[in-house]
Amino acid sequence: MLKTVAAFDRIGEENAFAVLARANALAAQGRDIISLGIGQPDFRTPEFIVEAAIKALRDGHHGYTAANGIPPLREAVAADLHKRHKVEVSPDNVMIMPGGKPTMFMSILMFGEPGVEIMYPDPGFPIYRSMIEFTGAEPIPVPIREENGFAFSAEETLKLITPKTRLIIINSPANPTGGVTPKSEVDKLVAGLEKWPNVAIMSDEIYDHMVYDGEKHVCLLSYPSIRDRLILLNGWSKTYAMTGWRLGYAIFPGKLYDYARKLAVNLHSCVNASAQFAGLAALTGPQDEVASMIAEFDKRRNVVVDGLNKLPGVSCVVPKGAFYAFPNIKRTGWKAKDLATTLLNETGVVTIGGPDFGILGEGYIRLSYANSTENILKALGRMNEFLSTRKAA
Ligand code: PLP
């Protein structure tokens, strides 16, 4: 029997990937599958970005880069944050990462150990809890409630802080709910955090471009009182339809930057060089394709919410960001994961059960509307027929 580290028995997963594998297997058997499961844009990466990566390879950028990323890309990230959110960031605090996930991985590793607490949103991105458990820290869920439009509540968050709290993870616009936390609530949270100067914050803003109804994204970097303990997670995956490129960035303050750089050297050396040149083109090139992708998501959002609210036993609050809807299915009588599995098996519609995002996800399923309007309408039609005729298991 191999003796391995116990932490590996505690590490979790992201069930969306298992569901994707199952859906692909069904599709390979000839089943007509409509994917509203995995959270990735259905658009292609804009052509000029692809060309920039090809050119980088042709120009000979096939070697290692600095572990923290190529300087022009770090400068472009700082300039982009300034342009979009009016925040000053030094390129010296920008770390280029192989995706968004490694930032949460590293940040949680920096703060988690037995005897401390880390707070995270529930329902929320499943990797937060998984990594907290991996480190042996105690995961403290912060409830994200439908009655708040799936925004987090500053009051509820602040009440959960204890002297053992080391890190608070927040995410807006949010996965899996599409919730966007209003500025008034973020203001309150930051004011409350001033009383807890030893608590770090990781703000996952990977969906920061995808905010609808004329709202403006609130970037946590714009609050000076927490800048010295704020980690920002962001990247190219969602905004530029680049999930498979594995390209993200983090802003790390103070000594955390050097910790992250050393972790990178130990773990992946540097991010794929051509992907970094693609990322540079993405930030410095025309943004009109991003704007049209987001406008398209906005249209589909209305289609999906309207359709869901017409389904028997289903109600759906209007998500204000990202590309997810998180309908309440409690009145259907189905348990969420049973419903998601049976929908896939019997109708070919891929959704994710809310409990895959935390205990408070029971009673909800997640639909990613990163699919064509035609497919969304077809999926809603199949769900309607299913829920009208099939009794809960
Ligand atoms: N953060 C949130 C909230 C996400 O939903 C995702 C991906 O689904 C990520 C981070 C990870 O992004 P990446 O694919 O760039 O690692």
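The legends below describe close-up views of a predicted model.

**Figure 1**

Figure 2. For Ser 237, the distance between an N or O atom of the side chain and an oxygen atom of the ligand is 2.6 Å. In the case of Lys 238, a polar side-chain atom is found 2.6 Å from an oxygen atom of the ligand. On its own, the ligand has 390 Å² of accessible area, and the protein covers 94% of this area.

**Figure 3. The largest pocket.** The ligand takes up the space of the largest pocket. This pocket has a volume of about 430 Å³. Its lining is made up of 24 residues, and those closest to the centre of the pocket are Glu 14, Gly 39, Lys 101, Phe 125 and Lys 238. Two helices, helix 1 (15–28) and helix 4 (101–111), each contribute at least two residues to the lining of the largest pocket. By class, this lining comprises 10 nonpolar, 8 polar and 6 charged residues.

Figure 4. The peptide bond that runs from Asp 122 to Pro 123 is cis, and its omega is near 0°. Pro 123 belongs to the loop that connects strand 3 (117–122) with helix 5 (126–135). Asn 175 and Pro 176 are likewise joined by a cis peptide bond, here with omega of about 10°. The loop between strand 5 (165–171) and helix 7 (183–193) contains Pro 176.

**Figure 5. Positive phi angles at Asp 213 and Ala 241.** Asp 213 is not a glycine, yet its phi is positive, at about 60°. This residue is located in the loop between strand 6 (200–204) and strand 7 (230–235). Ala 241, which is not a glycine either, has a positive phi of about 55°. The position of Ala 241 is in the loop between strand 7 and strand 8 (248–251).

**Figure 6. The largest cavity.** The structure contains 3 cavities of 30 Å³ or more, and the largest cavity has a volume of about 110 Å³. Its lining consists of 17 residues; Pro 121, Ile 144, Phe 152, Ile 170 and Asn 171 lie nearest the centre. With 4 residues, strand 5 gives the most to this lining. The lining of the largest cavity divides into 11 nonpolar and 6 polar residues, with no charged residues.

**Figure 7. The second largest cavity.** A volume of about 90 Å³ is found for the second largest cavity. Residues of its lining include Phe 152, Ile 170 and Asn 171, which are also among the residues nearest the centre of the largest cavity. Other lining residues of the second largest cavity include Ser 172, Val 180, Thr 181, Ser 203, Glu 205 and His 217. The classes represented in this lining are 6 nonpolar, 5 polar and 1 charged.

Key:
Residues numbered from 1 in each chain as written. Predicted model: local features only at pLDDT ≥ 70, side-chain atom pairs only at ≥ 80, totals over all residues. Heavy atoms only, no water. Polar contact = N/O pair within 3.5 Å; in protein donor to acceptor, adjacent residues only side chain to side chain. Areas by Shrake-Rupley, 256 points an atom, 1.4 Å probe, with all protein chains shown as cover. 1 Å grid on protein atoms, 1.4 Å probe; cavity = no way out; pocket = protein on both sides within 12 Å on 5 of 7 lines; lining within 4 Å. Sits in = over half its atoms within 2 Å of the grid points. Points joined across faces, edges and corners; volume = space filled by probe spheres on them. Nonpolar A, V, L, I, M, F, W, Y, C, P; charged D, E, K, R; others polar.
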